[in-house]
Amino acid sequence: MPETAILLLAHGTPETLDEIPEYLSNITSGRPMPEAVVAEIRHRYGLIGSSPLTELTLEQAHLLSRALGLAVYVGMRNWKPYIADVVRQMREDGIASAVVICLAPQNSRTSVGLYRRVAFAAAAGAIEMDFIDGWADHPQLAEAFAQRLRPVWQSLSARIGSMAPVLFTAHSVPCSTIHAPVPAAQPAQTPGNPGPDPYPVEAKRTAANVAALLAPSGLTANKWFFAFQSQGMSGAAWIGPTVEDTLSALRQEGHSAVVIQPIGFLCDHVEILYDIDIGFREFAAGIGLEVVRPQSLNDSSLLTAALEDLVRQGLARLAARSTARPTPASVL
């Protein structure tokens with residue numbers, strides 16, 4: 001068996017409606033959710049049939065494996081195949097080192113940080129991991145989104161006879177995870193105090209990178225916007241602005257149509273197929289605004305190229321670490 005492999009990490013999604021309560025329990029670490037919230041999420045999944053996240057992530061892994069000629073494993077934090085189970089299988093397969101990539105390009109304690117802890121705990125020192133915390137600025141990530149966005153934006157602009165606005169979105173997170181308290185006597189970032197979560201800054205930077213690629217085609221700085229979507233229903237405060245507020249503002253400015261381009265999601269799942277394609281479209285229609293959305297990255301060759309480049313960088317770091325490690329002869 002090969003000694004080096006790749007591990008892709010993702011959120012996970014239930015396969016049936018009956019699995020939703022257990023899935024939500026995994027997300028909240030066992031804290032109960034109101035029955036009304038569970039029922040609403042069941043309703044949303046029911047409207048889209050099922051979430052294709054796992055199937056599409058496995059396809060992305062297959063494409064990456066074919067490009068590199070290396071084994072690619074997939075682990076999910078909140079559903080099967082669970083990260084811990086997959087890492088255990090990697091150990092049984094004889095994997096000694098791995099490049100680990102979270103399929104959430106923008107780094108956040110609520111996603112990447114949690115996945116990191118689970119992966120390293122399961123490895124228990126038996127697998128040397130090069131964990132890629134964030135890749136929000138990878139040029140091929142921006143190119144992949146721009147490739148999907150450009151023709152849709154140009155087509156809508158031609159149809160309405162003016163430059164259509166573009167609304168970039170990323171998943172919201174609780175305010176409590178972003179605004180971590182920093183003691184006055186302590187530097188903003190130390191090993192014991194990581195400081196503010198980088199997620200909102202990185203999400204907006206990815207959007208700016210994509211917008212810059214469309215600037216030569218005419219997308220000006222005053223025609224693209226950013227909002228956070230899919231705020232939680234637990235009652236706690238989540239970061240904004242919300243998509244609904246932004247859509248209302250665009251309508252008040254006189255716009256009749258908008259392109260919504262999520263930049264934090266790499267494939268179709270409920271936050272795209274329901275939140276955007278159903279929820280936001282219905283909301284927008286109610287205020288006289290048309291919403292269109294480019295195809296998700298899914299099997300994008302540019303996405304595969306970005307992942308391939310990340311893996312090659314990780315393999316180089318693993319090789320450098322191995323070279324720098326003292327040999328028995330040098331120790332003597």
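**A helix and two spaces**

Modeller: Let's start with helix H6, which has a kink of about 30° at Leu149, shortly before the proline Pro151. That bend is the angle between axes fitted to the seven residues ending there and the seven starting there. Helices (H or I, at least four residues) and strands (E, at least two) are DSSP runs, numbered from the N terminus.

Colleague: What should I know about the model itself?

Modeller: It is a predicted model, where local features need pLDDT of at least 70, side-chain atom pairs count only at pLDDT 80 or more, and totals for chains, interfaces and linings use all residues. Residues are numbered from 1 along each chain as its sequence is written, and side-chain values use heavy atoms, with hydrogens and water left out.

Colleague: How many residues does H6 have, and how far does it reach?

Modeller: H6 covers residues 139-160, so 22 residues, and reaches 31 Å from first C-alpha to last. The expected span is 1.5 Å times one less than the number of residues. Here 32 Å is expected, and H6 comes close to that.

Colleague: What follows H6?

Modeller: Gly161, with a positive phi near 80°.

Colleague: Which residues of H6 are buried?

Modeller: Among them are Leu141, Phe145, Leu149 and Trp153. Buried means under 20% relative accessible area, exposed over 50%, partly exposed in between (1.4 Å probe, protein chains only). The cover over the buried residues includes strand S5 (166-171), helix H8 (199-214) and helix H12 (301-324). Contact here means heavy atoms within 4.5 Å.

Colleague: New topic. What lines the largest cavity?

Modeller: Its lining includes Phe145, Gln261, Arg293 and Leu297. The volume is about 50 Å³. On a 1 Å grid over the protein atoms alone, a cavity is a set of points where a 1.4 Å probe fits but cannot get out; a pocket is an open set with protein on both sides within 12 Å along at least five of seven lines; lining residues have an atom within 4 Å of a point. Grid points are joined across faces, edges and corners, and a volume is the space filled by probe spheres set on the points.

Colleague: And which element gives the most to the lining of the second largest pocket?

Modeller: H11, with four residues. About 240 Å³ of space lies in that pocket. Its lining has 13 residues, and Arg44, Ser230, Gln231, Glu244 and Phe280 lie nearest the centre.
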